[in-house]
Amino acid sequence: MIDSGFETTSLRMTLLLLVSFQAPAADVDRIMDAVVAIAPLVMGKYDRNAYQSAHGIERYRPLDGAETELRRRPGTVEVSFELPDDQALAARVVEAIFQAHSYQEPVIRLQPILASRSKGMDDRANPNRWWNTTGDWKKVSAPEAETA
């Protein structure tokens, strides 16, 4: 694995930490509010950058005399985001996730990664950028009112 960052013409590959956790979808906003109170998750001109998967089914079986039947919890998602490679910051964020989470034993993962960061070059003319396409952010014009 590449163990140091590098640059291309348009971007830098930077050593970061990838944090991911699994939670019921209903818990995610509360957990992420706790995270961004510590780390704003800035990427370029944006903050609160994270990814949330589609709803899945978590599977588990309680131990120590509890029910022996396998449980399935629908509506569970995985959320991931990047942090600077800073163990003290990561420890604070992981603790915030744990405290805001509804589970007794939340699934929290931390991995070193190389992640891209744009150099912020002017690429307004790039035909592949969302602003030059029919991206979902563009509003469809309202239908004209019918005249009677």
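This briefing covers the salt bridges of the structure above. The model is predicted. The count of salt bridges comes to 7. Side chains of opposite charge can pair when their charged atoms come close.

**Glu7 and Lys119**
- Glu7 pairs with Lys119 in a salt bridge, with 2.9 Å between the closest N and O atoms.
- Glu7 sits in strand β1 and Lys119 in the segment after β6, so the bridge ties together parts 112 residues apart in sequence.
- Glu7 counts as exposed because its relative accessibility, 51%, is over 50%.
- Lys119 is partly exposed, at a relative accessible area of 29%.
- Glu7 and Lys119 also belong to a network of salt bridges that includes Arg12.

**Asp33 and Arg48**
- A salt bridge joins the side chains of Asp33 and Arg48, at 2.8 Å from N to O.
- Asp33 belongs to helix α1 (residues 28–36), while Arg48 lies in the loop between α1 and β3.
- The two residues are 15 apart, and the pair links distant parts of the chain.
- Asp33 is partly exposed, with a relative accessible area of 43%.
- Arg48 is partly exposed too, at 46% relative accessibility.

**Arg109 and Glu78**
- Arg109 forms a salt bridge with Glu78; their closest N and O atoms are 3.5 Å apart.
- Arg109 is in strand β6 and Glu78 is in strand β5 (residues 71–84), so the pair ties together parts 31 residues apart in sequence.
- Arg109 has a relative accessible area of 41% and is partly exposed.
- Glu78, at 31% relative accessibility, also counts as partly exposed.

Key. Residues numbered from 1 in each chain as written. Predicted model: local features only at pLDDT ≥ 70, side-chain atom pairs only at ≥ 80, totals over all residues. Heavy atoms only, no water. Salt bridge = Lys/Arg side-chain N within 4 Å of Asp/Glu carboxyl O. Helix = DSSP H or I, 4+ residues; strand = E, 2+ residues; numbered from the N terminus. Buried < 20%, exposed > 50% of the residue type's maximum accessible area, 1.4 Å probe, protein only.
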